[in-house]
Amino acid sequence: MKVLIYATTFGADLLSLSKYLSEKEDVEIKVLMKDAERFKSEGVFKFWDLDIELYEYNKLNIVKGINGFNPDVTIMDNNIPLRPLSPKALVLWHGYGWKGPNDEEEFKWIHRSIRLSWGDMKVPNPNIKWQCFGEKDFEHRSSISGFHPENCLILGSASHDYLLKDTPKELLQPYYPFDIVNKKTVLIAPTWHYGEVFSHWGDDETLFNEAIQKLQERDVNVILRLHDSYRFDHHYVEFLQNLEEKFPNVLLKFKDINPDNFLDLQVSDVLITNFSSIANLFYATKRPTVHIYPVKSKDESFMWRNKTILGIRKKLVDSVKFIWKYPPEENGGLLANNFEEMMSQVFESLEKPDCCKTKSQEYLDKHMLGADGRNCERIYNALKTLVYTT
């Protein structure tokens, strides 16, 4: 079976599945991506010793595919090729989270793109399938997003299979500038849709400095991982860069520069996030997650940031509830409604590493097949059925 990975971002589930498939004797896999050479310098590429051929996007191969390679199936995240690059295709969505509504209106662009390449997914389609993380996701995709139930496959998250394995920190130390073996590490990984992280609680610069200062006083490392740098205002990027220069315990990463988060998830003892889908990956480690309630009130009007073909669009919505598929209270960890509560929960989590273990598992059981370690196997078997069924 010849597999083409068509990646917007080669990381998380796409990367984990690629590792799994690359170790199968009956699979030949190639990856088409942006910044292929840069990715080869990523710690995970070296740590996993990946035997995968990476090809750089260009004007020709995004339309015709990799020269001399005729894949049986194309696996994508959230970007659809302009024409079919193989007879069959699988959409391996780039994250499972709370943000929405992910209805037919929001997904009209992806429905159109898929229809032009592999046919309509609103009706049964033997040529393309959509991966779902669990029963809840299946219900949402089939009843809200507009994909026919026969096209939706409940397969789970490929990343969970590898995040379940507790990698000794000593093996990961070479990829970090500070001591991750003898010191605790906090990962701060916000989504980009709300703009500044703490602006609903006060001044972002003041609160970031206070949080990092308090963690530094306790000899705790901070990995500050954000989405693509171009999603933020220039002055905000400069502010974050200044934090890294000011505090020796801070490592700053942007998704467009350091696309994969696997090693960061492995070395971190606590995650802080305002409901980025990275939380649903971190739950598999059973370590504590502190969720920032991302707005002042769920009933307030709110300026929502969306990425469009032409750039970043800000849309005023009447109620924040519009942008949530699930309420923030439905999570696998702790929920902070103000800055002081957040810091208290972080310190508690550092002292009690098992404080969210049960809640994380309950969320995974409800939403993501329990992170049972068999998701890559499910996807592999689904691919074989898809490819070898006419």
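## The lining of the largest cavity

Helices α1, α7 (158-163) and α11 (262-267) each supply at least two residues of the lining of the largest cavity. The largest share of that lining, three residues, comes from α1. Helices here are DSSP runs of H or I with at least four residues, strands are runs of E with at least two, and both are numbered from the N terminus. The structure is a predicted model, in which local features need pLDDT of at least 70 and side-chain atom pairs count only at pLDDT 80 or more, while totals for chains, interfaces and linings use all residues. Residues are numbered from 1 along each chain as its sequence is written, and side-chain values use heavy atoms, with hydrogens and water left out.

A search of the whole structure finds one cavity of 30 Å³ or more, and the largest cavity has a volume of about 50 Å³. A cavity is a set of points, on a 1 Å grid over the protein atoms alone, where a 1.4 Å probe fits but cannot get out; lining residues have an atom within 4 Å of a point. Grid points are joined across faces, edges and corners, and the volume is the space filled by probe spheres set on the points. The lining consists of Ala 12, Leu 15, Ser 16, Trp 48, Ser 159, Leu 163, Asp 260, Asn 261, Phe 262, Leu 265 and Leu 281. By class, these residues divide into seven nonpolar, three polar and one charged. In this scheme Ala, Val, Leu, Ile, Met, Phe, Trp, Tyr, Cys and Pro count as nonpolar, Asp, Glu, Lys and Arg as charged, and the others, Gly among them, as polar.

## Helix α1 against helix α15

The axes of helix α1 (residues 12-22) and helix α15 (residues 375-388) come within 10 Å and cross at roughly 70°. Axes are lines fitted to C-alpha atoms, for helices over the stretch in contact, and angles run from 0 to 180 degrees between N-to-C directions. The two helices α1 and α15 are therefore roughly perpendicular to each other; angles of 65 to 115 degrees receive this name, those under 35 count as roughly parallel, those over 145 as roughly antiparallel and the rest as oblique.

From α1, the contact involves Ser 16, Leu 17, Tyr 20 and Leu 21, and from α15 it involves Cys 376, Glu 377, Ile 379, Tyr 380 and Leu 383. Contact means heavy atoms within 4.5 Å. The contact of α1 with α15 has seven nonpolar, one polar and one charged residues.

## Helix α9 and its two partners

Helix α9 (residues 204-217) packs with helix α10 (residues 234-246) at an angle of about 20°, their axes 11 Å apart. That makes α9 roughly parallel to α10. In α9, Asp 204, Glu 205, Phe 208, Asn 209 and Ile 212 meet Tyr 236, Phe 239, Leu 243 and Lys 246 in α10. This contact comprises five nonpolar, one polar and three charged residues.

The axes of α9 and helix α13 (residues 339-351) come within 12 Å and cross at roughly 25°, which makes α9 roughly parallel to α13. Leu 207, Glu 210, Ala 211, Lys 214 and Leu 215 of α9 make the contact with Phe 339, Met 343, Val 346, Phe 347 and Leu 350 of α13. Here the residues divide into eight nonpolar, no polar and two charged.

## The loop between β5 and α5

A cis peptide bond joins Gly 100 and Pro 101, with omega about 0°. Pro 101 lies in the loop between β5 (88-91) and α5 (108-117). Asn 102 is also placed in the loop between β5 and α5, and this residue has a positive phi of about 50° although it is not a glycine.

Notes. On a 1 Å grid over the protein atoms alone, a cavity is a set of points where a 1.4 Å probe fits but cannot get out, and a pocket is an open set with protein on both sides within 12 Å along at least five of seven lines; lining residues have an atom within 4 Å of a point.
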